[in-house]
Amino acid sequence: MNWRKELVSSYTRIEDLLSLLELDINQIDALISAETHFPFKVTQAYASRIKLRDPNDPLLLQVLPTSSELVNPLNFVDDPVEEEPFEKDSSLLKKYHGRALLIATGACAINCRYCFRRAFPYQHMVRTQALENAFEQISRDLSIKEVILSGGDPLILDDQQLVSIFESLQQIKHVERIRIHSRLPIVLPSRVTKQFIKLMRDTSLKTSLVVHVNHPNELDNLTIESLRRCKESGLILLNQSVLLRNINNNADTLTKLSEVLFSAGVLPYYMHLLDRVKGASHFEVSDTEALGLEAQLRIRLPGYLMPTFVREISKKGSKIPLAQI
Ligand code: SF4
């Protein structure tokens, strides 16, 4: 099926997903849509990997709104990493030295309940004028060597829109690299179209794709095939995960995750500690537990399969390795 049509057929009603999974809504602590401003949304491809009749399935728990979202400790806020626009009226966010982050869209194919941008005010950043201002700002700032396409999920844009972004960036001489942060090749593998692969092959910019996988069950044959095609196009493939309570906070799961990623041609990159966004406190894993997991993985995995455990701390010049927090 065409990826756009597949996207439209995503689950947006909890009842429909639970019916597919043969789960009774009365046995689940689900929040109905009106109780959360962050809507429920799951692609069919992702839903097909959730185990039937298992209310604790780690893929289900990533997308199911539950009443735990209403518990809000004071240190869980709307904007946990205090992201700053590059300049007024721009799609660009200040990032670390030499890099800038382009908010290409506010939309995603799936709404992950732990998302640190779940309350992000996208509306000012995704207007055409804001995008044009961003290109202008990048061309004025000679320090920017890498542009990170983010969102939302940048691959929710049409191929033609991506071509246009790449063309604009290719004209700026000091931009050498583009990095695409996307969960779409995982949750909607059909998004990896022939046109997308052609764009990746043809671009003169060094391009990497950082996907987002938290649990080995997220990789099925279709996903692996879409990643294989990305790799054949010359893309560097990396993965970032979030360490999530009751989802991947055990050494067996994380070891397997690194191994299956490698089999699919993807290298583990970051293991993020949860950003403390409002509504996600039930996913948090303590720093002490995370340090223990990191130590276990270091024993089990070769160095090149070891993700770097980090936390993003507002106003710091880089992500901070867990051991230094
Ligand atoms: S795909 Fe990424 S940006 Fe979109 S909801 Fe999930 S974590 Fe957030």
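**Entry 1: the ligand site**

I started with the ligand and found that the space it takes is the largest pocket. My test for sitting in a cavity or pocket was that more than half of a molecule's atoms lie within 2 Å of its grid points. This is a predicted model, so I kept local features to pLDDT of at least 70 and side-chain atom pairs to pLDDT 80 or more, while totals for chains, interfaces and linings use all residues. I number residues from 1 along each chain as its sequence is written, and side-chain values use heavy atoms, with hydrogens and water left out.

Which residues surround the ligand? I listed Cys108, Ile110, Asn111, Cys112, Cys115, Gly152, Arg183 and His212, counting a residue as near if one of its heavy atoms lies within 4 Å. By class, I get four nonpolar, three polar and one charged residues in this shell. For classes, I take Ala, Val, Leu, Ile, Met, Phe, Trp, Tyr, Cys and Pro as nonpolar, Asp, Glu, Lys and Arg as charged, and the others, Gly among them, as polar.

I place glycine 152 in the loop between E3 and helix H6 (159-170). Helices (H or I, at least four residues) and strands (E, at least two) are DSSP runs, numbered from the N terminus.

I noted about 940 Å³ of space in the largest pocket. Its lining has 44 residues, and Cys115, Phe116, Arg117, Ser150 and His212 are the closest to its centre. My grid has 1 Å spacing over the protein atoms alone; a pocket is an open set with protein on both sides within 12 Å along at least five of seven lines, a cavity is a set of points where a 1.4 Å probe fits but cannot get out, and lining residues have an atom within 4 Å of a point. Points are joined across faces, edges and corners, and a volume is the space filled by probe spheres set on them.

I sorted the lining of the largest pocket into 19 nonpolar, 13 polar and 12 charged residues. Strand E2 (99-103), strand E3 (146-150), strand E4 (177-181), E6 and E7 each supply at least two of its residues. Domain 1 (3-70) and domain 2 (92-324) each give at least three; those bounds come from an automatic or database domain assignment.

The second largest pocket has about 230 Å³. I count 13 lining residues there, with Val81, Glu82, Lys94, Lys315 and Lys316 nearest its centre. Its classes are three nonpolar, two polar and eight charged.

**Entry 2: the sheet and the cavity**

I traced an open sheet of nine strands, ordered E1-E2-E3-E4-E5-E6-E7-E8-E9, with mixed pairing. Strand E1 (92-94) and strand E9 (320-321) are the edges, each pairing on one side only. Pairing needs at least two DSSP bridges between two strands. Strands E6 (residues 236-242) and E7 (residues 267-272) run parallel, joined by five bridges, and serine 241 stands opposite methionine 271 in E7.

How many cavities of 30 Å³ or more does the structure hold? I found one, and the largest cavity has a volume of about 50 Å³. Ser241 and Met271 are among its lining residues, as are Asn239, Leu254 and Pro307. E6, helix H10 (251-263) and E7 each supply at least two residues of this lining, which has nine nonpolar, three polar and no charged residues.

I logged glutamate 22, whose phi is near 55 degrees, a positive value in a residue other than glycine. Glutamate 22 is in the loop between helix H2 (14-20) and helix H3 (44-47).
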